[in-house]
Amino acid sequence: MREEYDIKNLNPRENIYAEQITKKQITINLNETVISYFKDQAKSTGIPYQTLINLYLEDCVANNKSLKMTWK
């Protein structure tokens with residue numbers, strides 16, 4: 001191994017998708033049951049649970065889903 005590497009020359013290709021993917025870090029309070037559900041899904045799919053939550057919310061946006069609430 002070399003003692004030092006020139007990082008700029010290790011991967012000279014530009015990531016063309018870097019600007020298309022924009023995410024913003026937020027803090028959100030979720031019920032334990034919701035977190036457990038997505039963590040179980042993450043185990044079976046191999047996709048991180050936060051990514052699954054994001055994918056689900058993106059699907060809601062893409063399909064213009066409206067919240068339907070019923071009180072118990």
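The model is predicted, so local features are reported only at a pLDDT of at least 70 and side-chain atom pairs only at pLDDT 80 or more, whereas totals for chains, interfaces and linings use all residues. Residues are numbered from 1 along each chain as its sequence is written, and side-chain values use heavy atoms, with hydrogens and water left out. The mean pLDDT of the protein is 88, and 97% of the residues score at least 70; pLDDT is the predictor's confidence in each residue, from 0 to 100. Confidence is lowest in helix 1 (residues 7–10), where the mean is 72, and highest in helix 2 (residues 32–45), where the mean is 97.

The secondary structure consists of three helices and zero strands, in the order α-α-α along the sequence. The radius of gyration is 19 Å, well over the 11 Å given by the globule rule for 72 residues, so the protein is more spread out than a compact globule. This radius is taken over C-alpha atoms, and the globule rule is 2.2 Å times the number of residues to the power 0.38. Helices (H or I, at least four residues) and strands (E, at least two) are DSSP runs numbered from the N terminus. Along the principal axes, the C-alpha trace spans about 65 × 25 × 25 Å. Of the 72 residues, 7% are buried; buried means under 20% relative accessible area, exposed over 50%, and partly exposed in between (1.4 Å probe, protein chains only).

Helix 2 has 14 residues and, at 1.5 Å a residue, should span 20 Å; its end C-alpha atoms are 20 Å apart, which agrees. The expected span is 1.5 Å times one less than the number of residues in the helix. Just after helix 2, G46 takes a positive phi of about 80°. G46 lies in the loop between helix 2 and helix 3 and counts as exposed, at 64% relative accessibility. Its C-alpha atom is separated by 20 Å from that of E32, 14 residues apart along the chain. I47 is found in the loop between helix 2 and helix 3 and is partly exposed, with a relative accessible area of 31%. The C-alpha atoms of I47 and I35, 12 residues apart along the chain, have a separation of 14 Å.

The largest pocket holds about 840 Å³ of space. It is lined by 20 residues, of which I28, L30, I53, N54 and L57 are the closest to its centre. Helix 2 and helix 3 (49–62) are the elements that give two or more residues to the lining. Helix 3 gives the most, with eight residues. By class, the lining comprises 12 nonpolar, six polar and two charged residues. Here Ala, Val, Leu, Ile, Met, Phe, Trp, Tyr, Cys and Pro count as nonpolar, Asp, Glu, Lys and Arg as charged, and the others, Gly among them, as polar. A pocket is an open set of points on a 1 Å grid over the protein atoms alone, where a 1.4 Å probe fits, with protein on both sides within 12 Å along at least five of seven lines; lining residues have an atom within 4 Å of a point. Grid points are joined across faces, edges and corners, and a volume is the space filled by probe spheres set on the points.

Two further residues lie outside the helices. N64 is placed in the segment after helix 3 and has a positive phi of about 50° although it is not a glycine. N64 counts as exposed, at 65% relative accessibility. R2 is placed in the segment before helix 1 and also counts as exposed, at 60% relative accessibility. The C-alpha atoms of R2 and K24, 22 residues apart along the chain, are separated by 37 Å.
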